[in-house]
Structure formats: structure tokens, C-alpha cells
Amino acid sequence: MFSRIAYALRETWESFRRNLTLTAAAVLTSAVSLLLVGSTFLIQRAFENLLVQWRGDVEMIVFVRSDASAEQIALVDQVLRASPTIIDVDKLRYLNKTESYEEAKRIFAGDPVTLGLLTPETIPTQFKVVPLSDDPTLVRSLSDQYRTLPGVEAVALAEDEFEVISTLSNFIRVVTLITSLVLLLVAVGLIWNTIRTAMFARRREIEVMKLVGATNWFIRIPFMLEGLLQGLIGGVVSCGGLWVLNSAWTSGVTSFKPGTGISSLVVPDSYLTSVMFILLAIGAVVGAVGSAIAATRFLDV
Amino acid sequence: MIRLENVTKIYGTETVAVRDASFDIPKSQFVFLVGPSGSGKSTLLRLINRQEQPERGDVWVAGRNINEMPASRVPHLRRSMGNVFQDYKLLLNKTVFENVAFALEVIGKPRHVISRQVPIVLDLVGLADKQDRFPNQLSGGEQQRVSIARAFVNRPLILLADEPTGNLDPTTSEGIMGLLDEINQTGTTVVMATHDHRVVNAMRRRVIQLDRGVIVRDQERGVYE
């Protein structure tokens, strides 16, 4: 038994060395595709953070034109307070021009062009509304009502922001998922081709092995191990890449001011670790599948 | 030991390689399969080690119908046979010792068995002093001896030889035939396909003659004609 294992490992290593260029191509392709798979996981998780963070605190913002009169502002305030069953009146907050401008300075910290267009004189003031009800349709119907009030410039619903984000995250999910699936298939194909080449290079050995009565599994296993190893190494490389990317992102994100939402696009380390394990597993499966197809298909050399 | 019953092998749809062949080879016999190229000699050998399966008829080896044998048993069948070829089929990147050891290694024999068996068989074929050479450093006759050593190292019941002297000069061929005869003396059944008149006539063993896939002569102590 021991001699068989030693044989399989020795043959695997030999073949690995002999086909270095093809092996490198197969490993790199699986690494890149797995990196993309891993990124998909992280991006999804990061967007979820964002959505979760906002969902607990659904907000409506009523923007009031900068040239609105004090009476118009008072009217808006009055109307908002007229629905105490829907709106949490205690949490209703009015931000005047100075306060709104201060907030805008934070929001657009990374965007000086937009900030330059705003001045403390021209900026809309705003009512921050925390609804009591969880029913988004109720809040929405209220917002339609507020929009028609004199002096109101716009009403923004957090729900709409969510939609943008979830549409964006869905789009990213679909694109990255399709791309990574295609790349994974390419990786399977490349590993298949590498193993096929390795088997072709050793067709004489295989012929002799079959004639002296080696079992098909005995012949196959070194090749399958080789494919498995290629997939696994691809997985390890992708894990390294993912870690580097995530570290760069996590430290880069701190330079964004809070309130833009970007800073919440980070994932906990425990999640990164489980994604890495998933990548290793997928890598192993990709390698095993590619080489298994090759080893079964080309054993009759 | 080997019995064919009305065996017909067809390649493709109409190329009949062997037609209705029947014979019985008892244990320890030495048999020549003779006939011109394309007469079906090699196909008969390939039917016996189940590299081919017949369209009709049965092939029996050591009391078993090998055509009804599941594919998973074929490796074990092959372990009871040695194969020798005209082109030796040696692995050029392995030494003489490694080539012979390879045959034991890939059927999972432990290291201590390999290191005991290989020198014995290399001594038998007269290459004990050349075990660290590579095939390219050997003459044709020596390479064929390595290939015979590889075929015999597992002490098979049957040795199948396909034109083993085809690439060798008469003197060297004589040596190879002496070796095969010696192996036959140990009780191994030897089936040798050849169109080499001299070796057949010199040995005077059973001769099965083929012509376009049909057995036209089966004679004890025969000559080539």
C-alpha cells in the first residue's frame, strides 16, 4: 500500500515538473476565476451590510427649497406632525441651511465638484423623517402628498436608494457570476488539456502498464491527483489574491467619510475565511473534474 | 491453458482479421503462429490478452472465458501473461533495472519483492552487469532481453511474443530463442508469432499457420514451409 502511494505522489510530481508551462496556465486560470468567484461573494456580502444598516432605520427626507418662506416651512412641519400614527413625531428633525450644508460637506467629501456647486445660501433645507410604520406603501403614499406642498423641492425615500443599491448589487452579482462560471469552465478545460497532454506524453508508459496488468485506477490516480493539485494551487493563489484585495479595500475605505455608505462596504474576517475555504473546495472540484474527464477519456492511448 | 473456439474477429465492418479459428494449447507448450504479414497472427495474440474482443466465438485462458470476464478483472488476467514485442516497448528514460522493476511496481508489488526479483530475472537473461544502462546504450538483442525479463519477472503462466526476432540478426535471434526456450522449460506456455523461417525450422515445435485469417495448418513439431 505504501509503495503505491509513494508511486502516485512521485509520478504526480514528475508530471508536474515536466509540463510546467501548461500547468502554470491551468493554475493561473483557475486562480483568476476563483478570485472572481470570491470577489462576488465579498461584494454581495458588503452590499448586504449596506442594505441591512439602512433597513433598520427607514427614512424619508423632505427637501424644502432654499427660497421657501418661513410660513411654507412651518406648514410642512405642521403637515408632517399631522400624521402621528405614521410618523415618529419625536424623531422628526429639521436641518436648516447651515446644518444641511455641514451634512453635504460630509456626503460630498470625496466629490469636491458637486460640493462647489452648493453654498449655504442655495442649499435646500430638509426634514428628516423616521416613520413609525414598517409599511413602505404607506410611507410612499405620504411622500406623494408631501411633494405637492408649497415650498417642497423633493421627497427622497430610503427605499428608492435601496432599490438603486440592490439593482446595482444584482447587476454586479449576475455579471460576476456569469464571468466566473465561464472562467471556471475554461479552467476545467485547461486542466483537462494539461492532463491529456501529460497522458499523451506518457502513452508508452501507460501502454506498458496496461499490458503488465496495472489497474485503470492505478494508472489514473497520479493524473487525477495532478489535476486536483492544479485546482487546489489555483485555489490557494486566489485566496492570497482575495486577501490582498480585501485588505487594500478595507484600509482604503477608511478614507471615505462616514455617511456616504461606502465605509459600510466591508466584510468581517470570519466571512473572508469561510469564502477562502469555499474557494479551495471549488478549486479542488474543478481540478478533479477536469482531470477525471481526461483520465477516463484518454486511457485508451 | 489457452483455447479458442470458432473465433472470428472483424475490424471495422468487413476486414476479417481472424475467421473461425479454433485451437487448444496445453500448459507448457511452445507454439509458433506463422504466416505472412496481415494473416492475423498479431490479432490472435491480442485476442488472448484481451486487447481485442472477438465478434464470434470464445477465448478461454486458464479455464476462464475471458470474453465474459468483466473489464475490472482484465488487469488480473494480464498479470498471468508476459508480452514481448518486435519493438521492445522499453521506457527510454528508465534504466534496465527500472524497466523491469516497473512491471512489478505498477501492479503494487512491495519494494523488497522488487529488489529481490529483478536481479534474479536480469541474471537469467544475462544482463546482470548492465542493469544501470539505459535502453539506448544497449544493442537490439540486449534490449529484447530486457523486454523478456520484464515479461517474465512476474513469473507468468503464459508468454506472448509478437515477432520478437523481427529486428534482430540471425545470431542474436538464436540467443533470444534460446532464452524463450529456457523460459518454456520452467513450465511457461509460450506463444510466438513470427515469419522468421530459420527460428521455426530450428526449433521444431508446434506450428499453427495462418493465411488471410484462416488456420490452414496445425502441426506438432512442424517447420515453416
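How far apart do the C-alpha centres of domain 1 of chain B and domain 2 of chain B lie? They lie 24 Å apart in this predicted model, where local features need pLDDT of at least 70, side-chain atom pairs count only at pLDDT 80 or more, and totals for chains, interfaces and linings use all residues. Residues are numbered from 1 along each chain as its sequence is written, while chains are lettered from A and ligands numbered from 1 in the order in which they are written.

To see these two parts, select 1-80 together with 156-225 of chain B as domain 1, and then 90-155 as domain 2, bounds that come from an automatic or database domain assignment. Eleven residues from domain 1 of chain B and eleven residues from domain 2 of chain B make the contact, which is counted when C-beta atoms, placed from the backbone, lie within 7 Å. On the domain 1 side, select helix α6 (residues 170-185) of chain B, which gives the largest share, five residues; helices here are DSSP runs of H or I with at least four residues, numbered from the N terminus.

Finally, select helix α10 (residues 269-297) of chain A, whose 29 residues should span 42 Å at 1.5 Å a residue, in agreement with end C-alpha atoms that are 42 Å apart (the expected span is 1.5 Å times one less than the number of residues).

Terms used
Contact = placed C-beta atoms within 7 Å. Helix = DSSP H or I, 4+ residues; strand = E, 2+ residues; numbered from the N terminus.
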